[in-house]
Amino acid sequence: MTSPAPSEASPRARAGATALRALLHGGPEDLYPMAFGEPPEAWTRAALEGLDRLEAGLRLDEVDGFGSSLVQGLLHLARGPVARGLLESVGRRRLLGELILNIAEPGRINQGHKGTCSVTCIESWVAERYPAEYARLLAGLCSPSGGVGLRNGEALVRDAARLVWQPEEARRTPISRLFQAAAMELAYPELDYHDGLDLQLPESGQGEATSTGVGLAAFDRLLEGISGRPWSVLTDQNAVLARALNLPAGSTLDLARDGLGIIARALASGQAAFVTLASPDPSSAPPRAPPSAPAAGHPLRRLPHKIRVLALHDDHVDYDDPLDPDAPWIPDAPTTVLDARGRCRMARSDFQGLMVELSYPPDCAPGEHHSGSGISSSAATISS
């Protein structure tokens, strides 16, 4: 017999929420610019309202991959040791409030003007789907050691001792900056991600710096480490390789034929699907301006670009663009910006034409391909 769902938060969650409110009432420290330009009073009110929603929605009792609840993770950040550099450059109340706001409203998570679209997609999804795990990871990143274990045994490690704001942070919060920089470091352990330059630098100091980006294999490793479950990948190169190997038609997955069906099954089962969009004509995409250029106040607008699919309809696709653009920008496909939180819409046929990579839960593959992941997991690096 199934136990009835609880009608209210547990006594521990309610007591924890009371303690968190007492700390948040002090308002944010005047150390790090507000990502959305709101006055301190408005930020405090929003953080308190976000906490109210988490309590009312029974989310404070949700647990992470190691059995600790969301409220415990939040209290760890509120009461536990925090790295001195973060206390001095951001402040405990600001870090706590931003974490609560990101969980209460994951749509506010964005990549700023940085080339971190892939890890931003993961961040907003984890904050939405696994809030207790998200809180655990951020509490660990804020701790004096700056490290926290993932569910696959790898470690996510803070990239900087303190946070120094720059205009390219734009609307990216300090909590998102901590997560995204650490995830970029983990994606390529042999490289050193430099957030200020938005570049991957050789760890040895020898060799050339490269622009940011996360390839599909590294993205898959991050997803599996954070979610604690396997993921499958499918690219536009699967069909090419199948033809080259003279494999029977239909014996392998094909992105053009099977991709939208896989996405539909993932969404119908309450799971996620991540897609890389790429222009069929790369020369049509505007070049990326270096961070030091006067135009750096504009988002990075270049394909390939990672997004998360939100809804699939007969004639259009709704997706979360981690840039949170204020106007359509993708070349070769008319799009509609639905809100200020990155929800965008594209015609289904255009979306299918730009889709070059898909990451999805293995159980969403069709029929005999139920546990397969196609042929290849190597593909172009995601640029923005």
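In this predicted model, strand β6 pairs with strand β12 (residues 355-360) in the antiparallel sense, over 4 bridges. Within this pairing, Leu-234 has Leu-358 of β12 as its bridge partner. Strands of a sheet pair through backbone hydrogen bonds, in either a parallel or an antiparallel manner.

The two strands belong to an open sheet of 7 strands, ordered β6-β12-β7-β8-β9-β11-β10, with antiparallel pairing. Its edges are formed by β6 (232-235) and β10 (335-337), each of which pairs on one side only. On average, neighbouring strands of the sheet are turned by 30 degrees against each other, direction ignored.

Helices pack on this sheet. Helix α6 touches β7 (274-277), β8 (305-312) and β9 (316-320), and its direction makes about 35 degrees with that of β8. Helix α11 (residues 255-268) lies across β6, β7, β8 and β12, and runs at about 35 degrees to β12.

The largest nonpolar core contains 67 residues, of which Leu-60, Leu-74, Leu-95, Leu-99, Tyr-134 and Phe-179 touch the most other members. Two or more residues are given to this core by each of α1 (11-24), α2 (40-56), α3 (70-79), α5 (92-104), α6 (117-129), α7 (131-142), α8 (174-187) and α9 (216-227). Helix α8 gives the most, with 9 residues.

Gln-166 is found in the loop between β2 (155-157) and α8. Because its relative accessible area is 16%, Gln-166 counts as buried, the cut-off being under 20%. The side chain of Gln-166 reaches the backbone oxygen of Gly-196 at 3.4 Å. Not counting residues up to four places away in sequence, Gln-166 touches Lys-114, Asp-195 and Gly-196.

The protein averages a pLDDT of 86, and 82% of the residues score at least 70. Over residues 283-299 the pLDDT is below 50, and this stretch has 26 contacts in the model beyond near neighbours in sequence. The pLDDT is also below 50 over residues 371-383, a stretch with 47 contacts in the model beyond near neighbours in sequence.

Notes: Residues are numbered from 1 along each chain as its sequence is written. This is a predicted model: local features need pLDDT of at least 70, side-chain atom pairs count only at pLDDT 80 or more; totals for chains, interfaces and linings use all residues. Side-chain values use heavy atoms; hydrogens and water are left out. pLDDT is the predictor's confidence in each residue, from 0 to 100. Contact means heavy atoms within 4.5 Å. A nonpolar core is a set of buried Ala, Val, Leu, Ile, Met, Phe, Trp, Tyr and Cys residues joined through side-chain atoms within 4.5 Å. Buried means under 20% relative accessible area, exposed over 50%, partly exposed in between (1.4 Å probe, protein chains only). Two strands pair if DSSP finds at least two bridges between them. Axes are lines fitted to C-alpha atoms, for helices over the stretch in contact, and angles run from 0 to 180 degrees between N-to-C directions. A polar contact is a pair of N or O atoms within 3.5 Å; within protein, one must be able to donate a hydrogen and the other to accept it, and residues adjacent in sequence count only if both atoms are side-chain atoms.
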